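Hi,

Here is the structure I promised to pass along. Have a look at it first, and then read on for what turned up.

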Amino acid sequence: MFRKAHNFSIDRNTQINAKNYYAVNVVQEPEPQAKEEESLTDFLLGLSKHVAPGALSNSSERFDAPKCHEHTRVAVQEEIFSWITDGEGDAEPKKMLWITGPAGTGKTAIAGSVADVCQEAGFLAASFFFSTFARSPDRRTKGRLVTTLAYQLCQHRIFRGCLPRLVGAAMRKDPIIFKRNLHEQVEALILNPLRECQGRYDPLKCPKVIIIDGLDECDGDRFQSGDGTNQHALLRDKALAQDEILSTLLHAANDSAFPFLIIVASRPEHHIRRFFSAPAGRMASFELFLDDKYDPDADITLFYKAKFAQIRRRFSHLPASWPGSYALRTLVSNASGQFVYAATAVRFIETPTAPPQIQLECVLNLRAADGSPFGTLDALYTQILKSSPNSMMTIRWLKTYRWLDFMDPHKTFCTAWFFNRLFESAAGEADIMVGCLPSLMRVPPQDDRVGDYTFYHKSIFDFLEDPKRSSAFPAEGVDMSEAWTKQRIVRTLSCTYSLSIFQHELTMFSGKGPEAPLPPEGDRRFFTSRFFECLAVMWAKRVSIFPCPSHYEERLLSSDVEWWGREAFKERNFSGLPGHLFIMVHEQCRGYSSCRPVCKHWRKRLLKTWAEEGKLVKPTAFSLLRDRFRVEDLSDPYFLVDMRSSRAR
C-alpha cells in the first residue's frame, strides 16, 4: 500500500503522514457493552450521592460491629436460614421475619452474622443497619433507607440488564423523588422497576433476602430538623417514622413483583409490636423472639470459655483451670440470657486497672436488685462507673456528650476531641473521666480530631436515663446537660479559664499575653471553627446561651471582644454567625430598661471592630430601635441587613 512512499511518520493517533499521501484510521464506535458499563457507572455514581454507605452490612463503619461468636446462636441462625431457603414450602408462607427480644440479647450480632453468611451464599439482596451511635446521621433516620436498598439491588449482576436503567429513568422523571415519602420512593425506585423487569431475569438465581437491623434506633424528622426541645414530640415522631418504614416494607413484601424476603430486627417496642400484631402484619410475618427456647446460656458459656482462654494466653500467670466451673456458672447465671452482660463483663475483667482475677472477683461479688429484669446488668454498670475517681462527673460527662451529640445530628462539631477541649477544666481531665470505661466505650486517640466516643451498647444510656435503675447515683436530667454546655460555652467566651491545650491562647485572647509557647496554629484554628459551629447549632435550636451566672458575666467584661468579632467573620460557612453573636448577648435585656453591662460591652466593641474591618455599615436608628425591643423572631438578625450587604460587597 505504501510502496515507494518516503518522508512519512506514524504518530500516536495512528495518523499516517507521507509526501503526497494522507490516511486516517477510521475510529470505531465503542462496543455496546462498553457503553452500557459506562452508563451503569454514571448511574450508580449519581445514585450513590443519596445513599447511606455506612448502613451496609459490610461497610467500614461496621468493621467492629458485633457478630455471633463461633458456634454460638446456632439454633437461631438455623431457623432463620431454614426460613430463607425453604420457607416457601410452609403451610402459610411468610414474606417477613421479625427478630426481637429485650436489650442485650444479641439481635444485631445475629443480623450481622446472617448477613455475612447470606452475602457469601449469594442470598443477600440488600441490608440497612440503623444505629443510634453511628458517625453518619444517615444511619439514624429513614431518609436514605429506600435509596440505599435500591442502590444495592442495582449492583446485582442478575438485575444489571434492566433495573439500573429503569431506576435511572425514575430519577430523571422526578428529580425530587429523594424528598418524597417512603411509599412514593419504594414505588418509583424499587417496585415499578421490578415490575418491568419481570421475565428478564432468572428467579432461581435471584438474591433472596433484605435485612433491616436496629429499626427501634431510627429517629424521626424532628431529629434532622433541629427541634430538640420537646422530648414527647421527638418520641412520637420517632414512632411515626418507624411505623412508616414498616408500612413501606409490608407494602413491598405484598407486591407480586417483589421477589425478596425481609428480615427486621428490633426491640419489642410497643408501636412495633402493635404493627406486627395487627391483621395485615400478622398475615405477612412471623416473630422470632430471643428467649430461653434458643438456649442462650449454652451460647454464653461458649463465649465465656473462648474469651477466658484468650485472657489466659495474655496473662501467663493465670492457671489453665482459671476461672473455674463455679465462676463460670455464676457468670452465666448473672447474664440471664443477655449477651450484652457477658460482653461487658469480659471487657471489664480485661481492663488493665487491676489483674484479671481481681476484676473477676469484683464481678462475682456484685449483688443485683431484687425483681429487676436487668438487675445484674445494672449492678455491673454501677460497679464500672464507681471505679471512676469521680463517678458523678463521669456520668455528667457521658450524659452531656450524648445530649450534645443529639443536638448535632449532622456531626458538624461534636467530636470527642472538641468535646474534651470544651469541657476540660485542666489538661488531661478527659482521660480521668473516661479512662476507666474501656468496657463501655471506645475512646479515639488524643490526636484524632474527628473521631467519636463509640459506645458498645445503647443499654448504658437506658441505665443512666432510668432513675430507678441508676439509683446508686444522684439523678441529673437533660436540663443539667444543657446548663453545663451553656456554662462551658460562656466560659470559653469569657477567656479567663484555661481550656486544656488552649489555656495559653485563651490567656492571650484576654489581652494578657501568652505565658508559654502556643500549641500548633492548626489546633487553635480547628477548635475555634468548631466552637463557632457549636454556637450556630445552639442558635438554630433556640438554646439561649445567656443569661449566665454573675461571676461569668463579670469575666465576660474582660474578654477580648474584638478578637471574637474578627474571628466570627472568618467563618464563611456560617454567614449569619456575626449577627447571631450580636443577638445572643442581648437576649435577656429588657426593652423598657437599660441593657446589661455585658450586652453594652460586647455590642459596642463588636460594632466598632466590624466597622474598623470594613464589615459593617452602621445600622439605622429604626433598626436599633426594633432590635432594642426585639420586635421580630430572633432567628432573623433583622437589624444586620446592612452588615450582610456590606459582606456581600
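Let me start with a question: is Arg-139 buried or exposed? Arg-139 is buried, at 6% relative accessibility. Here buried stands for under 20% relative accessible area, exposed for over 50%, and partly exposed for what lies in between, with a 1.4 Å probe and protein chains only.

Before the rest, two notes on how to read this. The model is predicted, so local features need pLDDT of at least 70 and side-chain atom pairs count only at pLDDT 80 or more, while totals for chains, interfaces and linings use all residues. Residues are numbered from 1 along each chain as its sequence is written, and side-chain values use heavy atoms, with hydrogens and water left out.

**Salt bridges**

Arg-139 has a partner: its side chain meets that of Glu-61 in a salt bridge, 3.1 Å from N to O. Glu-61 sits in the loop between helix 1 (32-48) and helix 2 (74-86), and Arg-139 in the loop between strand 5 (124-129) and helix 4 (145-154), so the pair ties together parts 78 residues apart in sequence. Glu-61 is partly exposed, with a relative accessible area of 29%. For a salt bridge, a side-chain nitrogen of Lys or Arg must be within 4 Å of a carboxyl oxygen of Asp or Glu; by that rule there are 23 salt bridges. Helices (H or I, at least four residues) and strands (E, at least two) are DSSP runs, numbered from the N terminus.

Another pair to look up is Arg-195 with Asp-255, whose salt bridge is 2.5 Å from N to O. Arg-195 belongs to helix 6 (residues 182-197) and Asp-255 to the loop between helix 8 (231-253) and strand 7 (261-266), so this pair links parts 60 residues apart in sequence. Arg-195 is partly exposed at 29% relative accessible area, whereas Asp-255 is buried at 13%. Glu-187 joins Arg-195 and Asp-255 in a network of salt bridges.

Within helix 26 (residues 597-612), Glu-612 and Lys-608 are four residues apart, about one turn of the helix. Their salt bridge has its closest N and O atoms 2.8 Å apart. Glu-612 is exposed, with a relative accessible area of 56%, and Lys-608 is partly exposed at 45%.

Thr-609 also lies in helix 26, but Thr-609 is buried, at 2% relative accessibility. Its side chain reaches the backbone oxygen of Arg-605 at 2.7 Å. Beyond neighbours within four places in sequence, Thr-609 is in contact (heavy atoms within 4.5 Å) with Glu-562 and Arg-566.

**The chain and its interior**

The protein chain has 28 helices and 10 strands. Of its 649 residues, 52% count as buried. Among contacts between residues at least 6 apart in sequence, 74% join residues at least 24 apart.

The largest nonpolar core has 93 residues, and Tyr-304, Tyr-453 and Met-538 have the most contacts inside it. Its largest share, nine residues, comes from helix 22 (residues 521-540). Apart from it lies another core of 57 residues, among them Phe-43, Val-186, Ala-188 and Leu-215. A nonpolar core here is a set of buried Ala, Val, Leu, Ile, Met, Phe, Trp, Tyr and Cys residues joined through side-chain atoms within 4.5 Å. Tyr-304 itself has contacts that include Leu-328, Tyr-341 and Val-346.

**Confidence**

The mean pLDDT (the predictor's confidence in each residue, from 0 to 100) of the protein chain is 82, and 80% of its residues reach 70 or more. Over residues 8-27 the pLDDT stays under 50, and over residues 496-518 it is below 50 as well. Where pLDDT is low, the predicted coordinates should not be read in detail.

Best wishes

Notes: A polar contact is a pair of N or O atoms within 3.5 Å; within protein, one must be able to donate a hydrogen and the other to accept it, and residues adjacent in sequence count only if both atoms are side-chain atoms.
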